There are 2 protein chains.
Amino acid sequence: MSNCAAFPDAGGIRPIKYNDGVLSLIDQRLLPTEEVWLKYTDYQAVAEAIRSMVVRGAPAIGVTAAYGALFGARAIETEDYAEFVKEFDQVCEVLGATRPTAVNLFWALDRMKSLVQANPEQPVGNLKIALEYEAMAINEEDIRINMNMGRHGAALLPEKVRILTHCNAGALATGGYGTALGVIRAAVAAGKEVAVFADETRPFLQGSRLTAWELMRDNIQTVLICDNMAGYLMSKGAIDAVIVGADRIAANGDVANKIGTYTVAILAKEHNIPFYVAAPTSTIDLQLTDGSQIPIEERDTREVTHIGEQQLAPTDIAVFNPAFDVTPARLISAIITEHGVAQGNYTEQLAAYVQQSR
Amino acid sequence: MSNCAAFPDAGGIRPIKYNDGVLSLIDQRLLPTEEVWLKYTDYQAVAEAIRSMVVRGAPAIGVTAAYGALFGARAIETEDYAEFVKEFDQVCEVLGATRPTAVNLFWALDRMKSLVQANPEQPVGNLKIALEYEAMAINEEDIRINMNMGRHGAALLPEKVRILTHCNAGALATGGYGTALGVIRAAVAAGKEVAVFADETRPFLQGSRLTAWELMRDNIQTVLICDNMAGYLMSKGAIDAVIVGADRIAANGDVANKIGTYTVAILAKEHNIPFYVAAPTSTIDLQLTDGSQIPIEERDTREVTHIGEQQLAPTDIAVFNPAFDVTPARLISAIITEHGVAQGNYTEQLAAYVQQSR
């Protein structure tokens, strides 16, 4: 089955490709200096790709996990439904244990599991075919969702705007087009004059390696800065709006996103700059009443002490390396979803948007 | 003439050594993985060492420039006083053009020039000897000043304290002992239980390469973080105080310091954490009424796009790389000097402290 190309090229790379039963991921660890595509047909290898950040970004992790679940399902040899469900749950458990913070991972796996659970009368062979369609649907829907989100978000921006973004909430973080960068692409497409300041985003450098790379590819004016320079730019009146993505949003609108997002939100508040979050409803976790319940992943200290083989810090220095932080809803001017823009009463609006997606 | 070792080893390396007419600087670009000492007897080479950041940190730049001026004076061949003054002014101009923000550079050069100007009756040979004593005095005084500053600053800290620091305001940034890290050393020496969180401080990584290195050498408990993690730590109640150094302080207490300091100050205010600046009076520039008049150096974009030979960002990406920012006095809980602690009315107190140093 070939990749369904439902959407014209709206700008932005598609980092996750599925053709003839093979998943291809651009290795995001090697960008921007090397463009290497890795191929997958095994769910354990897909799990490792998520864990090691070949692919990252909450929506992209969700899409990739769906294909991983498909590969896991395909490898199950039984024709017995109950046995299939049992083994498929184990596959999903492995995929779900890769990274804790982004909820899209669990959302995508739940969607694959629900399909299986809802069709006990189907032969296992049919379930495998249906799972393939489902994974591809998750992938394609993600792009459509991002384009809708872009349209809603672009309407919030003035005709001429200098936007700060943190991390990469771009095409590379999704099925394509991007969440925060999708809003930026939509604003550019709408004829707005947009300049982007991209935080480099230590330690993994998603800003310098990924955001700068994909915005340059689309000829969107981009200036790279270190994370600690954003406050200075704001104090000089050089930033009109902040847009970031999200890894998990609690029911009350608290947002977990890449480490450093909270600091940017505080800076934006101090300088009276609107702070926008762009995320699909699959990022909203209504099970959690507030952000304090969101698990925060801590990653290997080597991400901080080394870049590649180069040592940046003394041997054996203690390091704290949280990968995410939580921005409280009170610091967020609006949450942009595919169904519309939540402002003010997040609890009610986010619940309504999630309901619309069901 | 040998290096005058007026002070016992109070902790902290001495990064600037002067022995038998030769200046030795530890190459701070190679730390923490290599300890290489470079030797200087030529003022142009000293200027280049300051420009290329072999040595950095406002007080250390001042001390180094004083030795540079000495070498320049020694190379002047005339015995005529007026001609000597003219050529010496040119030497000081070259040294003064190396880096714009740290005022200690100009302060140290002015002190060397004042000595020459005040002694027109002296033979040039005597002036050269006096300049050597003056450079060594500036060096030694800097350490004594830091130890006094440490004593004043340590008194502000509770018995058990977790301190965030940004950049390197340590022994390596001074003649020895350090300003912000001098306060930390003094608190440890006074028996306080101190844990330090060190911002890595992009792009030059003074925190991971220098602060972590010198605090580990002194067995002071240190945890390295990326700059964008400080807000998260504060939100978790993990920071009790912030201490940083300064590159230039305006008459009203506005402080220019390493890029990112302003952001840390905003974060500290948001979390009700005291934000202290430790700096000698030689860092205070009463000529400037406020921080908007402090020139902010912009450095090469390669500092952001590369680490060593490794490329971190797309080729030809636009980069903004300001090396400093200005923290307004209203965000500063106290300015710790060698004469005491200024709190509240900075204009009056800073002027009084500068007067005391004359």
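Colleague: Hi! Which residues does B:Arg299 touch, not counting those up to four places away in sequence?

Modeller: Hi! B:Arg299 touches B:Arg51, B:Ser52, B:Met53, B:Arg99, B:Asn321 and B:Ala323, where contact means heavy atoms within 4.5 Å. Keep in mind that this is a predicted model, where local features need pLDDT of at least 70, side-chain atom pairs count only at pLDDT 80 or more, and totals for chains, interfaces and linings use all residues. Residues are numbered from 1 along each chain as its sequence is written, chains are lettered from A and ligands numbered from 1 in the order in which they are written, and side-chain values use heavy atoms, with hydrogens and water left out.

Colleague: Thanks. Where is the place of B:Arg299, and is B:Arg299 buried or exposed?

Modeller: B:Arg299 is in the loop between strand S11 (284–285) and helix H10 (302–305) of chain B; helices (H or I, at least four residues) and strands (E, at least two) are DSSP runs, numbered from the N terminus. With a relative accessible area of 18%, B:Arg299 is buried (under 20% relative accessible area; exposed is over 50%, partly exposed in between, with a 1.4 Å probe and protein chains only).

Colleague: Switching to helices: at what angle do H2 and H4 of chain B pack?

Modeller: Helix H2 (residues 58–75) and helix H4 (residues 104–117) of chain B pack at about 35°, with their axes 7 Å apart. Axes are lines fitted to C-alpha atoms, for helices over the stretch in contact, and angles run from 0 to 180 degrees between N-to-C directions.

Colleague: Which residues of H4(B) make that contact?

Modeller: On H4(B), they are B:Asn104, B:Leu105, B:Ala108, B:Leu109 and B:Met112. The H2(B) side includes B:Ile61, B:Gly62 and B:Leu70.

Colleague: And how many residues of helix H9 of chain B are buried?

Modeller: In H9 (residues 261–270) of chain B, 8 of the 10 residues are buried, so the helix is largely enclosed by the rest of the structure. Among them are B:Tyr262, B:Val264 and B:Leu267. Just after H9(B), B:Asn272 takes a positive phi of about 55°.

Colleague: How many disulfides are there over all chains?

Modeller: The search of the whole structure finds 0 disulfides, a disulfide being a pair of cysteine sulfur atoms within 2.5 Å. For B:Cys226, the nearest cysteine sulfur, that of A:Cys226, is 11 Å away. B:Cys226 counts as buried at 0% relative accessibility.

Colleague: Last one: what rotation superposes chain A on chain B?

Modeller: A rotation of 180°, with 0.0 Å of shift along its axis and an RMSD of 0.0 Å. Copies are superposed by least squares on the C-alpha atoms of residues with pLDDT of at least 70 in both. The two copies are therefore related as by a two-fold rotation axis.
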